[in-house]
Amino acid sequence: MLFNSQEFIFLFLPIVLLGYYGLHRLNLHNGAKSFLLGASLFFYGYYNISYVALLLGSIVFNYLLHRMMLWETISIRAKKSFLGIGIALNLLLLFYFKYYNFFVENINALFRADIVTKDIVLPLGISFFTFQQISFLADSYQTGAEKYSLLDYGVFVSFFPQLIAGPIVLHQELIPQLRDEKRWRFHTDNMEIGLKYFIIGLAKKTLLADRLGSIVTLGYTYPIHWNTPGALLIILSYSLQIYFDFSGYSDMAIGLGRMFGLEIPINFNSPYKAANIKEFWDRWHMTMTRFFTKYVYIPLGGSRKGKYRTYINVLLVFTISGLWHGAAWNFVLWGCMHGVALVLYRIFKKYIDKLPQILGRLATFLFVSLAWVVFRADSLGAAKRMLMSLLAGGFGGSNLNLYYAFLGDGAQLVLSQIPYPVVVYELCAALFCVGGLAAALLLVNFGRSSHETVLRNQRSSGFLYGFLAALCIMTFMEVSVFLYFNF
């Protein structure tokens, strides 16, 4: 089920909110949590019920390991063995569903083997709930996490706002909130804040990301046909699409959490305002950065074993991060590009930090945007063609198809009714497209973050949020999935 769909907004969400708070009001607190768990499993299995058993099995398995690591008589060696078994089996599950065919294809290519690939459908959110549970096992080993009930743990993993595309929530951030009696009561302030977050996220997705995505889809379907301005338009559109799409999802997740009285961590903080690549990763997908820092980078030695070992650790972490996003070499290359950029920043930090902020922000955005080409393209060959179009595409030819794609069928129909020559129609399409892109660029560079906007808490802005919500709902005829559902 999608957040940006009528069945979610007008049926699922109101029913779950009423059931959850209603059961708490009747002092059936475990019943309320059970209801929320059941609703989350229904949400997860809405399109493919077969993977609900997979999620439940993963939850039960990791919970049992957690409880065994908390046995009073367990030795450190046995505890470490349980942790190793848990991490290994979680990663094995992830490997089978996400990387098995990629591994087989590369073995076949390298050794001229003929191993048959399998028709495997990637379960939604498996990367997120696997990492979430690995972090839980690691904390159980390191600090002896509190003995939670299976019900609390099940809600923590499956809570539907963050289940499929994050943020990657830690147990100590969510489970204590689920057990806090003060959060069992309905509060209008939480509902107001939650609705504002949700509407902002919905607007990012439907009004911005999906419009820009029309350009991107067309552009990468025919990457060899574009001139330099067209390629630049496509590349910038994807930089903005993936930001508005993923940060929009994260905003909606935060908003939905607040509606249930729960605070989900911030995942984005205006990353395109970053003046260097390190600052970018401090602002982009913040919970993933936190996970890799705490559970991969630091265990590898972090920056404690000399500068050269630090550089190697940074490269390893970002290579793994790239592979986490997808089973393809372009994701690995994308991760390596960011790893190299971070190493270079560490080496030349004192010079880079002296650059005027505007130059640092521009350089960071340009690098990130070029790296997104490798990330978005269907193959390394397609990425190369897009970059060649940017560098050597020239200025001949037409980009009208890109402009029309941005407008969408409805706007095209309205413009086509204008009783002017075709050239005026084409000019209007170009102006709308380029103007929309320019407005989006200004928004990410100079606009307030979602959190700054919501926490201003101006009650007089209710009309504006209502108008924005109405605009979003009008686009529901063209509902699209979120980009990070693929990762």
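This is a predicted model: local features need pLDDT of at least 70, side-chain atom pairs count only at pLDDT 80 or more; totals for chains, interfaces and linings use all residues.
**Entry 1: aromatic rings**

How many aromatic pairs does the structure hold? I found 62 of them in the tally. I picked one more to look at, that of Y51 and F97. Their ring centres are 5.7 Å apart and the planes stand at 85°, so I wrote this pair down as edge-to-face. Next I checked where the two residues sit. Y51 belongs to helix α3 (residues 50–69) and F97 to helix α4 (residues 76–111), so the pair ties together parts that are 46 residues apart in sequence. Are Y51 and F97 buried or exposed? Both turned out to be buried.

**Entry 2: two packed helices**

Here is a handy reminder for myself: two packed helices are described by the angle between their axes and by the distance between those axes. I then looked up helix α10 (residues 228–259) and helix α16 (residues 357–376). They pack at an angle of about 90°, and their axes are 9 Å apart. Angles of 65 to 115 degrees count as roughly perpendicular, so α10 is roughly perpendicular to α16.

Which residues make the contact? From α10 I listed I235, L236, Y238, S239 and I242. From α16 I listed F365, S369, W372, V373, F375 and R376. Sorted by class, the contact of α10 with α16 has eight nonpolar, two polar and one charged residues.

**Entry 3: cysteines**

Last, I went looking for disulfides. A disulfide is a covalent bond between the sulfur atoms of two cysteines. How many does the structure hold? The count is zero.

I followed up on C428, which is in no disulfide. The nearest cysteine sulfur to that of C428 belongs to C433 and is 13 Å away. C428 counts as partly exposed, at 21% relative accessibility; buried would mean under 20%.

Then I turned to C472. The cut-off for a disulfide is 2.5 Å between the sulfur atoms. With a relative accessible area of 0%, C472 goes into my notes as buried.

Methods: Residues are numbered from 1 along each chain as its sequence is written. Side-chain values use heavy atoms; hydrogens and water are left out. Axes are lines fitted to C-alpha atoms, for helices over the stretch in contact, and angles run from 0 to 180 degrees between N-to-C directions. Helices (H or I, at least four residues) and strands (E, at least two) are DSSP runs, numbered from the N terminus. Angles under 35 degrees count as roughly parallel, over 145 as roughly antiparallel, 65 to 115 as roughly perpendicular and the rest as oblique. Contact means heavy atoms within 4.5 Å. Ala, Val, Leu, Ile, Met, Phe, Trp, Tyr, Cys and Pro count as nonpolar, Asp, Glu, Lys and Arg as charged, and the others, Gly among them, as polar. Buried means under 20% relative accessible area, exposed over 50%, partly exposed in between (1.4 Å probe, protein chains only). Rings of Phe, Tyr and Trp (its six-membered ring) pair if their centres lie within 6.5 Å; planes under 30 degrees apart count as stacked, over 60 as edge-to-face and the rest as tilted.
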